[in-house]
Amino acid sequence: MPLTPMRVLLDHAAENGYGVAAFNVNNMEQIQAIMAAAEKLDAPVIIQASRGARSYSQDAYLRHLMLAAVELHPRIPVAMHQDHGNSPETCLSAIAHGYTSCMMDGSLMADGKTPATYEYNVEVTRRVVVEAHKRGVTVEGELGCLGGIEDGHGAGLTGAEALAHLTDPAQAERFVADTGVDALAVAIGTSHGAYKFKQKPTGEVLKMDIIAEIHRRLPRTHLVMHGSSSVPKELIDIINEYGGKMPETYGVPVEEIQEGIRHGVRKINVDTDNRLAMTGAIRKVFATNPGEFDPRAYLTPARAAMQQVCEARMIAFGQAGQASKVPVRSLEEMARTYARG
Ligand SMILES: [Zn+2]
């Protein structure tokens, strides 16, 4: 089947009470790792690229790698998503390259750093929704600002400043009505990158009650958790055992994500955990076999390590076993559905 509109995956996840991991990619091995996990577990998947990933891998390479993925795995529904589009132009260029979903992150200005006003956010997001829906493409918006910085994107907020930018449930209700987005990224205290928390997060920092309240107000909007890598200690330990220097750090526990899934979270962004897994595997080859110089000798275990993380998340989020049950719907069919309102 061709690339699937993300909305189809999220609707099925909502109807059946599970979540779908959205894995970030820049290269062939990462796409292969995700697809091998999806095939093994019969899991639908979202593969996403940030602006940084698009410029690193170049749109044409990435697009053809994605087409290879669906050609080799015809039974797996795969959505291709633009992560953190900084402007309507970025989203439209992703759509032109065959993405079936895009995020218009109007919570920040086009520089990807400065927090924007509500009015600006509505204006740019609404514009993307109109153009995307004409083509059957899904749109994710963001309200509130996440902590941290990812691929140069993010306000880098911490502490009290980050708390002041958590998503306001009443405003979220208005935002969805004003823009018509399919999915909404919410800021509940998570942050991008490996250094999320200095200790295991509690209810003080991770506001799961905000998700529950937004879901109560917006039962039909698919919620998205960003910065939701779990940063497992085992992966940090492998890196440090083989010459790495990563300080102690904590991510979002998988149980907290599962709690989110019970309250309307349908898309969970995972990037850091895969980076850690690949880096640990590569370091291990370099440390234990310093004479090795064939890239396949370290990319093969790196790919296998990432596949393991993908499989673990697919099982934990409940998407395993669902691929064959997801209805097949094309972008054209979605466009007609949106046109009917
Ligand atoms: Zn993000």
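Visitor: Which residue stands opposite alanine 49 in strand 3?
Guide: Glutamine 82 stands opposite alanine 49. This is a predicted model, in which local features need pLDDT of at least 70, side-chain atom pairs count only at pLDDT 80 or more, and totals for chains, interfaces and linings use all residues. Residues are numbered from 1 along each chain as its sequence is written.

Visitor: What makes strand 2 and strand 3 a pair?
Guide: Two strands pair if DSSP finds at least two bridges between them. Strand 2 (residues 45-49) and strand 3 are joined by 5 bridges and run parallel, so they meet the definition of a pair. Strands are DSSP runs of E, at least two residues, and helices are runs of H or I, at least four, numbered from the N terminus.

Visitor: How do you know that strand 3 also pairs with strand 4?
Guide: There are 3 bridges between strand 3 and strand 4 (residues 101-104), in the parallel sense. In strand 4, cysteine 102 is the bridge partner of glutamine 82.

Visitor: Why is strand 3 called largely enclosed?
Guide: A residue is buried if 20 or more other C-beta atoms, placed from the backbone, lie within 10 Å of its own, exposed if 12 or fewer, and partly exposed in between. In strand 3 (residues 78-85), 8 of the 8 residues are buried, so the rest of the structure largely encloses it.

Visitor: With which residues is isoleucine 34 in contact, leaving aside its neighbours within four places in sequence?
Guide: Contact requires C-beta atoms, placed from the backbone, within 7 Å. Isoleucine 34 is in contact with Phe23, Val45, Ile47 and Cys310.

Notes:
Two residues are in contact if their C-beta atoms, placed from the backbone, lie within 7 Å.
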